[in-house]
Amino acid sequence: MAHDEGVVKFQVEFALAPALAAAEVAELNAWRKMLVRLQWLGQDPSRYGGYGFGNISRALPNPAGDRPFLITGTQTGEIADLTPEHFVVVDACFPPQNRIVAHGPVGPSSEAMTHGALYALDAGIQWVMHGHSPEIWHAAERLALPTTDATVPYGTPEMSAEIERLWRESDVRQRRILSMGGHEDGIVSFGRTANEAFLPLVDALIAAFMAGS
């Protein structure tokens, strides 16, 4: 499988802006550290051609009704402990035009379009975690995880459409986890809280161990 981790595939209307205050990114950064410790997020020369992998985001309040979200910046996987300068606000996603609008001190993660697709589906979703777990990914069929089409690459309008398809046709909204069939080891979970988004990953990993992954 070709490795193109960390490669941004959408157009970005990006405005350089100051970083948010440390308190505004503290919880997101703490959960990112957890994913790094579990090796579900990061950068490793022996994995995916040495590119960074995984990302995490949280929705931001907006009285206007849009769904802006805060997400880890592009090419930050190798950094163990991020600072506010490593996070970016995605103001809007337009999958049909393959376009994202964002502002901050760094550009958005390559998987930002997928995060945006989930936030657009349900106002209750406040957190999205994209980790890379070989154990869960290889056991996805045995675990009957909702899975995107293996021919669809990450970070594309087609992936956003696949997320919408799973929302209509599978039990993904109840299970809060899906496997990215065409994105090696890619698993996405979501929830109203960080804990609610994280637990499906843990449950799936235990189930994968039990299934002999």
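Reply: Contact means that heavy atoms lie within 4.5 Å. The model is predicted: local features need pLDDT of at least 70 and side-chain atom pairs count only at pLDDT 80 or more, while totals for chains, interfaces and linings use all residues. Residues are numbered from 1 along each chain as its sequence is written, and side-chain values use heavy atoms, with hydrogens and water left out.

Me: Which residues does Glu111 contact, leaving aside its neighbours within four places in sequence?

Reply: Glu111 is in contact with Asn55, His130, Tyr154, Gly155, Met180 and His183. Glu111 sits in the loop between β7 (99-104) and α2. Helices (H or I, at least four residues) and strands (E, at least two) are DSSP runs, numbered from the N terminus.

Me: Why is Glu111 called buried?

Reply: Buried means under 20% relative accessible area, exposed means over 50%, and partly exposed is in between (1.4 Å probe, protein chains only). Glu111 has 1% relative accessibility, so the residue counts as buried.

Me: What makes the link between the side chains of Glu111 and Thr114 a polar contact?

Reply: A polar contact is a pair of N or O atoms within 3.5 Å; within protein, one must be able to donate a hydrogen and the other to accept it, and residues adjacent in sequence count only if both atoms are side-chain atoms. The two side chains are joined at 2.3 Å. The side chain of Glu111 also reaches the backbone nitrogen of Gly155, at 3.4 Å.

Me: How do you know that Met180 is buried?

Reply: Its relative accessible area is 0%, so Met180 is buried. Met180 lies in the loop between β9 (177-179) and β10 (186-191). Beyond four places in sequence, the contacts of Met180 include Glu111, Thr114, His130 and Tyr154.

Me: What makes α2 mostly covered?

Reply: Eight of the ten residues of α2 are buried. Among them are Ala112, Thr114, Gly116 and Tyr119.

Me: Where does α2 meet α4, and what is the contact made of?

Reply: The axes of α2 (residues 112-121) and α4 (residues 157-169) come within 9 Å and cross at roughly 35°. Axes are lines fitted to C-alpha atoms, for helices over the stretch in contact, and angles run from 0 to 180 degrees between N-to-C directions. On the α2 side the contact uses Met113, Thr114, Ala117, Leu118 and Leu121, and on the α4 side Met159, Ser160, Ile163, Glu164 and Trp167. By class there are seven nonpolar, two polar and one charged residues. Here Ala, Val, Leu, Ile, Met, Phe, Trp, Tyr, Cys and Pro count as nonpolar, Asp, Glu, Lys and Arg as charged, and the others, Gly among them, as polar.

Me: Why is α1 called roughly parallel to α6?

Reply: Helix α1 (residues 22-37) and helix α6 (residues 194-210) pack at about 10°, with their axes 12 Å apart. That angle makes α1 roughly parallel to α6, since angles under 35 degrees count as roughly parallel, over 145 as roughly antiparallel, 65 to 115 as roughly perpendicular and the rest as oblique. Glu27, Trp31, Met34 and Leu35 of α1 touch Ala194, Asn195 and Phe198 of α6.

Me: Is Gln39 called buried or exposed, and why?

Reply: The relative accessible area of Gln39 is 53%, so Gln39 is exposed. Gln39 is in the loop between α1 and β2 (42-43).

Me: And what label does Gln75 get?

Reply: Gln75, with a relative accessible area of 44%, is partly exposed. Gln75 lies in the loop between β5 and β6. Thr76 is in that loop too, and at 6% relative accessibility Thr76 counts as buried.
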